[in-house]
Amino acid sequence: MNINLDIAKTYIFSNKKLTAVAAMGVVLGMSIYIFMNCMMVGFDKSSSASMFKSIPHIRVYNDDVISAPLIKDSGKQFVIINPKVVPRTNTITNPKLVAATILKQNNISIVTPQVNASVFYNNGKSQIAGIANGVLPDEANQMYNIKSFMADGDFDLLKTNINGIVIGSGIATKMNATIGDNLNLTSSKGINKTFKVVGISKTNNSKVDNISSYINLAVAQQLLKESASYVTDMNVNVTDPEDAEKIAKQLSTLTGYKAEGWKQANESLMAAFKMRKIVITFVSFTILIVAGFGIYNILNMTVSQKINDIAILKAMGFKGKDVIKIFVTQAISIGILGVIGGVIMATGLITILKNIYIGGDIGYFPIDYEPTKYLLGIVIGMVITFFAGYMPAKKASKVDPVSIFRK
Amino acid sequence: MKTILKTENINKFFHDPVEFQVLKNISFEVQQGEFLSMVGKSGSGKSTLLYILSTMDTDFKGQLFIDQENVTGYDQDKLARIRNEKIGFVFQFHYLLAEFTCLKNVMIPALKLGKYSEKEIEERAYEKLKILGLADQALKLASKLSGGQQQRVAIARALINDPLLIMGDEPTGNLDSKNSNIVFDTFQELTRNYHQTIIAVTHDEDFAKRSDRIIEMKDGEIIV
Ligand SMILES: Nc1ncnc2c1ncn2[C@@H]1O[C@H](COP(=O)(O)OP(=O)(O)OP(=O)(O)O)[C@@H](O)[C@H]1O
Ligand SMILES: [Mg+2]
């Protein structure tokens, strides 16, 4: 074995208590870092999972915009005072072709048309405003996983019952509607239609549960007095929701329609996510730094204790960099011990939390072993220990043996 | 016989607390195989000179030649290499690494040099400890030894790399006459049979008289 390593090893083992205290600091710092970051990922996943119960990753729709001049760069300027958006049509032309085009792209998991009709739900005297989502039941279920949050009834009945409706739990309560009841809807176009309640969904998001219902696409078109080619939204899910914005941009140029990713569509929520992320990153990083200070302190102490040894080693021909190696090896060994302990402890903490039942639509505590966060924690932990050890080691390497021998 | 160590006009000053010239125009030569004693009153500058000769102290004026190589102005890494290979040093106060065994203490300079395998180094270290009558203490921790024993371990360590030059700052300061004699005889044998060179600071008149040559210092100057 290299003599520098040999000496470092002796110092580590002859000072077990000090080594243990320093390593313990890293264990705590590391485990809390990994734990908190995994928790953050869990929160994000659970928040977006509950969000994706009612919104797609990407929504492709026809956005009304102010008309651009027909002839560009004609040299003449037409003066239009107070330009306005003229709502001509907000439909997607030839939706089947658009859907097929989108589906050909990479990383797209599902594309489905949707028609949202503003309606009033009527039951006797009570009336509430809401939105009836006209969907293709199978595809909608694939997209939102509706069956997983059905409180009552059967979503599949929408397929066999063209005039069936699956209503949010809030609507069911207010309308006092149960499975099998009839429910009357009035659309903004004045069409009146009676539906049969075949299911009640419950996302636990009251904004959704109190206003939304699912009906068949064709019926939604009828409610709006439109033909079967009338589709306002093309909903797209991608394989990784994080890529949604990027893919949305591609779809937008590809189809010519506006494609909006879920992050863009929920900016205020994303801002809250971001803030949570900043706070957790900051706090967990600070804890790691504190652990680094622990190592720094203890190595500083070791260097002062060993100043005689350092002087002797240098007198016998050890170079400055040999001395650095000895103490950095010590720091890194402590770091490795701490990292191993930290990973074990973080895994333990996560396992405990993972098995705590919260209830509601969350179920078990939303946390998981996130390999990237583990890796990040290990890398940052090692980098911090390296520098925490390097500084005292550098100091040690500068020791002037003569000044020590004279004392 | 070649010159193993030479100094030309070495001067050294301390500036703290007051300007003070501790070494004045030190010029002398030591031949290979010489056994040289350095004597002088306490505070006459013997240790200070020895630190310069051993290349550990580079803050001086003048020239220092070791093994006919002018080492004045060499950087620390180069000097460290020279110390490791060519110089064995016994400090005024025994200086061992407390958490290592005696054997390991003796082995460390050789492990650093890396000329022999670990196995050979261990054998050689045992050899040196045996010469100094410490074979039975080899596996004890250095901190568990008496002062005199520690000093002898330090001497064994100074010998391990078969250095050209062995410097001792009162190498027998803590030893009884019997062990003092052992050290003296060992040194003498090294100079006679192996042409190694010894420079030993000593307050022991008897020790000095029996050596080949005496240098006496007074107030930072060599007077004899
Ligand atoms: N760091 C220092 N700063 C100022 N003066 C010093 C310093 N180190 C030593 N001296 C002075 O230099 C002089 C020589 O000291 P040195 O240690 O070389 O003496 P010495 O001959 O080895 O004495 P001894 O026989 O007692 O060991 C002394 O007067 C001492 O006070
Ligand atoms: Mg002295």
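Trainee: Which residues are linked with Asp138(A) in a network of salt bridges?

Mentor: This is a predicted model. Side chains of opposite charge can pair when their charged atoms come close. In chain A, a network of salt bridges joins Asp138(A) with Lys147(A), Asp156(A) and Lys159(A).

Trainee: How many salt bridges does the structure hold over all chains?

Mentor: A pair counts when a side-chain nitrogen of Lys or Arg is within 4 Å of a carboxyl oxygen of Asp or Glu. Over all chains, the number of salt bridges is 24.

Trainee: Asp67(B) and Lys86(B) meet in a salt bridge; how many residues apart in sequence are the parts that the pair ties together?

Mentor: The N to O distance of this salt bridge is 3.3 Å. Asp67(B) lies in the loop between β4 and β5 of chain B, whereas Lys86(B) lies in helix α2, so the parts tied together are apart in sequence by 19 residues.

Trainee: Is Lys86(B) buried or exposed?

Mentor: Lys86(B) also meets Glu69(B) in a salt bridge, at 3.9 Å from N to O. Buried means under 20% relative accessible area. Because the relative accessibility of Lys86(B) is 17%, this residue counts as buried.

Trainee: Which charge does the surface patch that includes Glu127(B) have?

Mentor: Glu127(B) has its place in helix α4 of chain B, and at 47% relative accessibility Glu127(B) counts as partly exposed. On the surface, Glu127(B) gathers with Glu118(B), Glu120(B), Glu122(B) and Glu123(B), and the charge of this patch is negative.

Key. Residues are numbered from 1 along each chain as its sequence is written. Chains are lettered from A and ligands numbered from 1 in the order in which they are written. This is a predicted model: local features need pLDDT of at least 70, side-chain atom pairs count only at pLDDT 80 or more; totals for chains, interfaces and linings use all residues. Side-chain values use heavy atoms; hydrogens and water are left out. Patches are made of residues with over 30% relative accessible area and no salt bridge: like charges are joined within 9 Å, nonpolar side chains (Val, Leu, Ile, Met, Phe, Trp, Tyr) within 5 Å. Accessible areas come from the Shrake-Rupley method with a 1.4 Å probe; for residues, only the protein chains shown count as cover. Lys and Arg count as positive and Asp and Glu as negative; His and the chain ends are not counted. The place of a charge is taken as NZ of Lys, CZ of Arg, CG of Asp or CD of Glu. Helices (H or I, at least four residues) and strands (E, at least two) are DSSP runs, numbered from the N terminus. Buried means under 20% relative accessible area, exposed over 50%, partly exposed in between (1.4 Å probe, protein chains only).
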